[in-house]
Amino acid sequence: MRKIIVVFILLLLIPITKVEGAVCSYSEIARLKKIASNVTVSYDYIENNSSVVFNVTLNNLNDELYFVDQSNYQRYNYTEEELTISNYRSGQTIRYVFYATDPDCDDTPLYTARVILPTYNQYYKDEVCNGIENYSLCQKWSSHNLTYTNFVQKVNEYKNSLNSPTIPVEPSMPIEVSITQLIVDFLLDYYIYIVIILLLALIGILSIRKKDDIYS
């Protein structure tokens with residue numbers, strides 16, 4: 001029993017070493033973020049009758065990265081520097097989140113690439129748009145969300161607004177100003193000066209009469 005106690009005490013005296021796994025450093029994360037931000041994203045589309053399908057191409061991919069498509073949570077590992085993903089719909093917003101393949105860093109999102117696909121206007125080729133192809137509702141990419149009936153109604157309303165006759169504007173006749181009105185306007189504009197002149201004249205007349213009274 002004494003031996004057991006001694007062995008137990010010796011075990012307690014042995015220093016315990018804490019083993020930590022490797023940690024992804026800040027400098028390593030910064031380096032990987034720079035690599036991820038160099039990825040470029042572009043798209044094209046295939047038009048078929050009254051619908052389109054988009055293809056998204058990613059370039060400058062790196063074997064130190066993988067990414068997850070947030071629209072379906074599909075993971076894509078590196079195979080080559082360019083990758084094309086198909087069958088996206090119009091108007092869709094896509095987010096690709098990049099992570100490191102290094103298991104010590106793979107919990108940290110490094111970069112998010114966003115793609116906003118334009119909304120396809122399935123009615124833009126309709127005959128109601130003939131002659132007004134530049135109208136917003138008649139362009140290929142237009143997010144109007146109208147039913148076909150409402151679409152035709154809106155386009156016809158626009159056409160009718162173009163055909164509405166314009167009401168001619170009659171030229172304004174010059175206003176005849178009478179002599180009396182001219183005199184009144186003159187007096188109103190210069191009445192201060194007229195009053196001053198009359199006062200000076202009155203003072204002059206009074207001065208002359210005063211001199212005459214003195215010498216008479």
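Begin by selecting L58, F67, I85, Y88, Y96 and F98, which touch the most other members of the largest nonpolar core, a set of 28 residues. A nonpolar core here is a set of buried Ala, Val, Leu, Ile, Met, Phe, Trp, Tyr and Cys residues joined through side-chain atoms within 4.5 Å. Buried means under 20% relative accessible area, exposed over 50%, and partly exposed in between, with a 1.4 Å probe and protein chains only. At least two residues of this core come from each of α2 (26-37), β2 (51-59), β3 (65-69), β5 (83-88), β6 (93-100) and β7 (111-116). These element names refer to DSSP runs numbered from the N terminus: helices (H or I) of at least four residues and strands (E) of at least two.

The model is predicted: local features need pLDDT of at least 70 and side-chain atom pairs count only at pLDDT 80 or more, whereas totals for chains, interfaces and linings use all residues. Residues are numbered from 1 along each chain as its sequence is written, and side-chain values use heavy atoms, with hydrogens and water left out.

Next, centre the view on I85. Leaving aside neighbours within four places in sequence, I85 is in contact (heavy atoms within 4.5 Å) with F54, N55, V56, L58, F67, Y76 and Y96.

Now display the strands as a cartoon. β1, β2 and β5 form an open sheet of three strands in the order β1-β2-β5, with antiparallel pairing. Its edge strands are β1 and β5, each of which pairs on one side only. From one strand to the next, the twist averages 20°. Two strands count as paired if DSSP finds at least two bridges between them. Nine bridges link β1 and β2, and four join β2 to β5. To inspect individual bridges, select V41, whose partner in β2 is L58, and then F54, whose partner in β5 is Y88.

Where does the hairpin of β1 and β2 take a positive phi? Select N49: the hairpin has two residues between the strands, and N49 takes a positive phi near 55° there. N49 is exposed, with a relative accessible area of 69%. Most residues other than glycine have a negative phi. For another case, select N145, which is not a glycine and has a positive phi of about 55°. N145 sits in the loop between β7 and α3 (148-163), and its relative accessibility of 75% makes it exposed.

Finally, show the cysteine side chains. A disulfide is taken as a pair of cysteine sulfur atoms within 2.5 Å, and the count comes to two.

- Select C24 and C105: their sulfur atoms are 1.8 Å apart. The torsion about the S-S bond is about 95°, so this disulfide is right-handed. C24 lies in the loop between α1 (2-13) and α2, and C105 in the loop between β6 and β7, so the pair ties together parts 81 residues apart in sequence. C24 is buried at 13% relative accessible area, and C105 is buried at 2%.
- Select C129 and C138: the S to S distance is 2.1 Å. With -80° about the S-S bond, this link is left-handed. C129 and C138 are both buried.

Numbering the bonded cysteines of the protein chain in sequence order gives the pairing 1-2, 3-4.

Technical notes: Axes fitted to C-alpha atoms, helices over the stretch in contact; angles between N-to-C directions.
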